[in-house]
Protein chains: 2
Amino acid sequence: MCEASVYTVRDGERNLVMENVVSIRPEGEKVILVDIFGDQKVLAAKIEKVDLLEHEVILCSG
Amino acid sequence: MCEASVYTVRDGERNLVMENVVSIRPEGEKVILVDIFGDQKVLAAKIEKVDLLEHEVILCSG
């Protein structure tokens, strides 16, 4: 499986916001995350980088 | 491995732009793609959706 961990970075500090994420969808000023269980999180953030080797998605907020 | 195929969608038509992509990074009005070989493509587009179950990244352009 190829799900990713999603982190936000604010002031250089990285925070894990969701694991096992399978869908990342920007929507205006927000990003909608969905994990393998179908749980959803909506964050005021932008995608900074999707790294499929590290299974990481970095969002920037603030 | 978890690399993805990247497509652009314009006027509802999907076009494959790069396979085996491991890094997707928005940069202003562009998106920078890097594949497993280190090859890079820069497209005037935005990320519409990252689908890690389907190993697909959809960009919208135009």
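Predicted model: local features only at pLDDT ≥ 70, side-chain atom pairs only at ≥ 80, totals over all residues.
Which residue lies over the face of B:Tyr7, and at what distance from the ring centre? The views below take that up and then move on through the model.

**View 1. A charge over a ring in each chain.** B:Arg14 is the residue over the face of B:Tyr7, at 4.7 Å from the ring centre. In chain A, the charged end of A:Arg14 sits over the ring of A:Tyr7, 4.7 Å from its centre. A charge sits over a ring here if NZ of Lys or CZ of Arg is within 6 Å of the ring centre and within 35 degrees of the ring normal. Residues are numbered from 1 along each chain as its sequence is written, chains are lettered from A and ligands numbered from 1 in the order in which they are written, and side-chain values use heavy atoms, with hydrogens and water left out.

**View 2. The two copies and their axis.** Turn chain B by 180 degrees, with a shift of 0.0 Å along the axis, and it can be laid on chain A with an RMSD of 0.0 Å. The two copies are thus related as by a two-fold rotation axis. The superposition is by least squares on the C-alpha atoms of residues with pLDDT of at least 70 in both copies. B:Cys2 comes closest to the rotation axis of the residues of chain B, at 2.8 Å (C-alpha). Both copies use the same surface: 100% of the contact residues of chain B recur in chain A, contact meaning heavy atoms within 4.5 Å.

**View 3. Around B:Leu43.** You'll find B:Leu43 in strand S4 (residues 40-44) of chain B; strands are DSSP runs (E, at least two residues), numbered from the N terminus. Leaving aside its neighbours within four places in sequence, B:Leu43 is in contact with residues including B:Thr8, B:Val17, B:Leu33 and B:Leu59. B:Glu27 is 16 residues from B:Leu43 in sequence, and the two are 9.8 Å apart in space, C-alpha to C-alpha.

How values were computed: Helix = DSSP H or I, 4+ residues; strand = E, 2+ residues; numbered from the N terminus.
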